[in-house]
Amino acid sequence: MSAEFDLVVGIPTFRRPQLLAALLDSLLPELQGRRALVIVADNDCGAEAPAVVAQFRQRWPDSVCIPVAARGVAQVRNALVGEALARAPHWQWLLMMDDDGLVTPGWLQHLLDTGAAYDSHLVGGPVDGVLPPGASVFAQNSIFAARRRWPTGLVPSLNTTQNLAISRRVEQLFAPPFFRNEYGASGGEDYDFFRRVAHAGGRIAWSDEALVLEPAPPERLTTRSLLHRYATTGSYMLAIDSFYDGRGYTALLAFKGVCGALVRMALAAVTLRRVKAAREVLTLAHYCGRVAGLFGVRTNRYVAPAKK
């Protein structure tokens with residue numbers, strides 16, 4: 001492989017070979033004419049992901065699959081950054097995807113153009129969920145349907161590392177590892193990374209035209225799974241916001257969030273606004289998770305705790 005890559009696409013994966021193959025297929029048209037290296041980091045260390053990448057390598061030779069034995073989303077993302085630095089020392093942009101995304105035509109150029117236009121350290125784009133038929137009202141109003149969007153331009157933070165461009169200039173703000181390993185099991189390593197960049201004076205931009213699609217698996221869309229997702233997100237966000245904003249201020253916002261969601265949920269129920277009520281139930285779960293975080297509750301969304 002040539003070392004003169006200016007773009008790297010980094011993809012963490014864990015036991016989702018079919019989705020990984022679909023993502024790689026969607027990437028291929030975007031990479032044409034580019035000096036791009038594709039790195040897949042397999043946190044399962046199995047045989048399925050390497051086989052998918054081996055097939056993809058027949059169409060895009062500059063691709064590699066690396067095993068990452070240390071379990072956790074932060075650990076695998078840091079491994080991707082380290083591998084990019086080792087294999088493509090002159091990279092200018094690292095494009096982070098998750099293995100369940102599908103890029104749309106023009107995705108890459110939109111991200112790069114936005115990064116150049118706003119001289120940004122990070123660029124994010126929208127991730128629209130693709131729900132199965134018959135999805136519940138909760139699923140239709142959850143992050144699995146659509147995350148928050150902004151007009152193209154500078155923003156204070158981003159949603160996720162799905163559809164994220166990291167400029168090499170982030171190294172001027174702080175040295176790798178970019179993602180804190182303490183959030184490897186719970187999640188939140190991405191939110192903390194965005195806050196670290198902003199705290200260090202970095203510029204964060206949004207490219208609303210750089211669309212990624214994300215099929216939502218039915219098992220993540222049950223009411224129980226959605227409430228758990230929102231509550232665990234609240235728990236780790238409480239810890240991260242406390243670090244940057246102080247525990248007192250963050251605690252106040254958590255309790256205000258619970259009270260506000262309860263009031264809005266009750267009003268929506270009384271006025272029979274089903275969609276509004278569903279949104280407020282999810283919001284309440286989030287803020288309940290934040291309050292639980294105040295009392296030391298921690299989650300292991302991505303890595304099950306070791307058995308004693």
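Hi everyone, let me start with the cysteines: a search of the whole structure turns up 0 disulfides, a disulfide being a pair of cysteine sulfur atoms within 2.5 Å. Cys 45 is in no disulfide, and the nearest cysteine sulfur, on Cys 65, sits 9.0 Å away. Cys 259 is in no disulfide either, with the sulfur of Cys 288 nearest at 10 Å. Cys 45 is partly exposed at 38% relative accessible area, and Cys 259 is partly exposed at 49%. For those labels, buried means under 20% relative accessible area, exposed means over 50%, and partly exposed is in between, using a 1.4 Å probe and protein chains only.

A quick word on the ground rules. This is a predicted model, where local features need pLDDT of at least 70, side-chain atom pairs count only at pLDDT 80 or more, and totals for chains, interfaces and linings use all residues. Residues are numbered from 1 along each chain as its sequence is written, and side-chain values use heavy atoms, with hydrogens and water left out.

Now, salt bridges. The count comes to 19, taking a salt bridge as a side-chain nitrogen of Lys or Arg within 4 Å of a carboxyl oxygen of Asp or Glu. Let me show you some of them.

Arg 16 pairs with Asp 99, the closest N and O atoms being 2.7 Å apart. Arg 16 is in the loop between strand S1 (7-13) and H1, while Asp 99 is in the loop between strands S4 (93-96) and S5 (102-103), so this pair links distant parts of the chain, 83 residues apart. Helices here are DSSP runs of H or I with at least four residues, strands are runs of E with at least two, and both are numbered from the N terminus. Which partner is buried? Asp 99, at 2% relative accessible area; Arg 16 is partly exposed at 24%.

Next, Glu 214 and Arg 147, with closest N and O atoms 3.7 Å apart. Glu 214 lies in strand S11 (residues 212-215) and Arg 147 in the loop between helix H5 (137-140) and strand S8 (153-154), so the bridge ties together parts 67 residues apart in sequence. Glu 214 is buried at 6%, and Arg 147 is buried at 14%.

Then there is Arg 180 with Asp 192, at 2.9 Å from N to O. Arg 180 is in the loop between strand S9 (164-167) and helix H6 (189-199), and Asp 192 is in helix H6, 12 residues apart. Arg 180 is partly exposed at 23%, whereas Asp 192 is buried at 1%. There is also a network: Arg 195, Asp 241, Asp 245 and Arg 290 are joined by salt bridges that share partners.

How many cavities of 30 Å³ or more does the search find? It finds 1, where a cavity is a set of points on a 1 Å grid over the protein atoms alone at which a 1.4 Å probe fits but cannot get out. The largest cavity holds about 60 Å³. Arg 16 is back here, among the lining residues along with Thr 13, Phe 14 and Asp 42; lining residues have an atom within 4 Å of a point. Helices H1 (17-31) and H2 (48-57) each supply at least two residues of that lining.

Last one: helix H7 (residues 223-245) has 23 residues and spans 32 Å from first C-alpha to last, close to the 33 Å expected at 1.5 Å a residue. That expected span is 1.5 Å times one less than the number of residues. After H7 comes Gly 246, whose phi is positive, near 95°.

Conventions. On a 1 Å grid over the protein atoms alone, a cavity is a set of points where a 1.4 Å probe fits but cannot get out, and a pocket is an open set with protein on both sides within 12 Å along at least five of seven lines; lining residues have an atom within 4 Å of a point. Grid points are joined across faces, edges and corners, and a volume is the space filled by probe spheres set on the points.
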